[in-house]
Amino acid sequence: MASLRESGWEYLITHFSEFQLATIGTFIMHESVFFLSGLVSIFFERAGLFSKYKIQKKLNTPEAEGRCILHLILYHVGVNFPVIMFSYPAFKYMGLKSSLPLPPWTAVVSQIIFYFILEDFVFYWGHRLLHTKWLYKHIHSVHHEYATPFGLTSEYAHPAEILFLGFATIIGPALTGPHLSTLWLWVILRVLETVEAHCGYHFPWSPSNFVPLYGGADFHDYHHRVLYTKSGNYSSTFIYMDWLFGTDKGYRRLKALEEQEGKQS
Ligand SMILES: [Zn+2]
Ligand SMILES: [Zn+2]
């Protein structure tokens, strides 16, 4: 008997073409996951919930948040959607499929782990490059307009950066030609990961407290609140690239100081 997962998938592939699912389907799924998860931290801020877990005490004005949302809708329709449309033939060429049976979990998990590691590596070097003077001034400063990030600021960036760092997200699946369901799972996890890194809250249940080598909100929030030449913490997901290349020294010093103060008080 087909599992619920498989019958759900069968419904999709009998009602829509692979092209529709891989393009419009991917776009709708990305938008839903991104906005639903991204709005959570704005809701927490407005309702004054969990304020003791907020990393920075500063709040963004509703106007600044509204401006961010407006830009996001514009860029998603004008940049992300065309990228999804034009990358479909490349994915197809590399072996993307949507037929049943669904791939086994072992294949899904190993591919997703590979995508995370590769994305983090490419993102780290791309992001370091974006912190050089010219690129920062003309491109990356847009993403840094929000020194106090909230979930939705994760994808708030100059269109050139969306293309540049979007490459880091799609290079893994583009190389391996996965099943469309694996590609969707990757998009969902990557969005949740970057929204969490920008949410501005460090909870006792935040993944960085449990997942080894995971950066998370506290790690990336530091990157946003410190001057761009001194911030470090360039990785998207993990902490080892910054540790290996010595770009987490400022952050580590701060953590050591906080720990010392904690012990004294
Ligand atoms: Zn940056
Ligand atoms: Zn950021």
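The legends below describe close-up views of a predicted model.

**View 1. Helix H1, residues 4-15.** Helix H1 has 12 residues, which at 1.5 Å a residue should span 16 Å; the end C-alpha atoms of H1 lie 17 Å apart, in agreement with that expectation. Helix H1 is hardly covered, with one buried residue among its 12.

**View 2. Segments annotated as transmembrane.** An unreviewed UniProt entry places the feature "transmembrane region" at residues 20-47, 68-88 and 108-126.

**View 3. Packing of helix H3 (residues 62-93) on helix H6 (residues 159-176).** The two axes come within 11 Å and cross at roughly 30°. Because of this angle, H3 counts as roughly parallel to H6, the cut-off being under 35 degrees. On the H3 side the contact is formed by Tyr 75, Val 79, Asn 80, Val 83, Ser 87, Ala 90 and Phe 91. H6 contributes Pro 159, Ile 162, Leu 163, Gly 166, Ile 170, Pro 173 and Ala 174. The crossing of H3 past H6 is right-handed.

**View 4. Packing of helix H4 (residues 105-130) on helix H6.** The axes of H4 and H6 are 9 Å apart, and the packing angle is about 155°. H4 is therefore roughly antiparallel to H6, a class that takes angles over 145 degrees. The crossing is right-handed. Residues of H4 at this contact are Gln 111, Phe 114, Tyr 115, Leu 118, Glu 119, Val 122, Phe 123, Gly 126 and Leu 130. They meet Glu 161, Phe 164, Leu 165, Ala 168, Thr 169, Ile 171, Gly 172, Pro 173 and Thr 176 of H6.

**View 5. The segment annotated as a domain, residues 113-247.** The name "domain: Fatty acid hydroxylase" for this segment comes from an unreviewed UniProt entry. Over residues 113-247 the chain is 56% helix and 0% strand, and the end C-alpha atoms are separated by 23 Å.

**View 6. Surroundings of Gly 232.** Gly 232 sits in the loop that links helix H8 (216-225) to helix H9 (240-244). Gly 232 counts as buried because 21 C-beta neighbours lie inside 10 Å, where 20 or more are required. Apart from neighbours within four places in sequence, Gly 232 is in contact with Asp 242, Thr 247, Asp 248, Lys 249, Gly 250 and Tyr 251. Ile 170 is 62 residues from Gly 232 along the chain, and their C-alpha atoms are 24 Å apart.

Technical notes
Residues are numbered from 1 along each chain as its sequence is written. Chains are lettered from A and ligands numbered from 1 in the order in which they are written. This is a predicted model: local features need pLDDT of at least 70, side-chain atom pairs count only at pLDDT 80 or more; totals for chains, interfaces and linings use all residues. UniProt positions are given in the numbering used here, feature names are shortened, and annotations may be inferred rather than shown by experiment. Helices (H or I, at least four residues) and strands (E, at least two) are DSSP runs, numbered from the N terminus. Two residues are in contact if their C-beta atoms, placed from the backbone, lie within 7 Å. The expected span of a helix is 1.5 Å times one less than its number of residues. Axes are lines fitted to C-alpha atoms, for helices over the stretch in contact, and angles run from 0 to 180 degrees between N-to-C directions. Angles under 35 degrees count as roughly parallel, over 145 as roughly antiparallel, 65 to 115 as roughly perpendicular and the rest as oblique. A crossing is left-handed if the near helix is turned anticlockwise from the far one by less than a right angle, and right-handed if clockwise.
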